[in-house]
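Please look through the chain below from one end to the other.

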Amino acid sequence: MTYYGSALRKSIGVFYTPHQVVKYMVGMVDKLLIEEIGIEGGPSNNDHFEIEVESEEYTERKKTKNTKKISVPRVAILDPTCGTGTFAA
């Protein structure tokens, strides 16, 4: 985080989550997924399931609604800001 000065980091919303905090948070999510929800492997679970969603197909004269099946991961971790990628490590 030495790339930016403290004032600049705050003004553009750049923050660093210490490794120890990330380790604790990931550990708690792992414990919750395994012990409370019963997902084997916790965050490392690679199971997928299929769901049916609405899908719109367009023709030249009219719009018709159909459905299609898509594969969805059982466990997904989203970090929209990514930053240094600490949560992905």
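What span should the 19 residues of helix α2 have, and how far apart are its end C-alpha atoms? The model is a predicted one. Helix α2 covers residues 19-37, and at 1.5 Å a residue it should span 27 Å. The expected span is 1.5 Å times one less than the number of residues. In the model the end C-alpha atoms of α2 are 26 Å apart, which agrees with that expectation. An α-helix has 3.6 residues a turn, so residues three or four places apart point the same way. After α2 comes Gly38, and its phi is positive, near 80°.

Read from the N terminus, their order is α-α-β-β. The helix α1 takes up residues 6-12, strand β1 residues 48-58, and strand β2 residues 63-73.

How confident is the predictor in this chain, by mean pLDDT? The mean is 81, and 76% of the residues reach 70 or more. Among the elements, α2 has the highest mean pLDDT, 91, while α1 has the lowest, 78. Where pLDDT is low, the predicted coordinates should not be read in detail.

The protein chain has 89 residues, and 10% of them count as buried. Its accessible surface comes to about 7800 Å², and carbon and sulfur atoms hold 54% of that area. Among contacts in the chain with a separation of 6 or more, 34% are between residues 24 or more positions apart.

Gly41 lies in the loop between α2 and β1. Is Gly41 buried or partly exposed? Its relative accessible area is 35%, and since buried means under 20% and exposed over 50%, Gly41 is partly exposed. Apart from neighbours within four places in sequence, Gly41 is in contact with Asp30 and Ile34.

Note on methods:
Residues numbered from 1 in each chain as written. Predicted model: local features only at pLDDT ≥ 70, side-chain atom pairs only at ≥ 80, totals over all residues. Heavy atoms only, no water. Helix = DSSP H or I, 4+ residues; strand = E, 2+ residues; numbered from the N terminus. Buried < 20%, exposed > 50% of the residue type's maximum accessible area, 1.4 Å probe, protein only. Contact = heavy atoms within 4.5 Å. Areas by Shrake-Rupley, 256 points an atom, 1.4 Å probe, with all protein chains shown as cover. pLDDT = per-residue confidence, 0-100.
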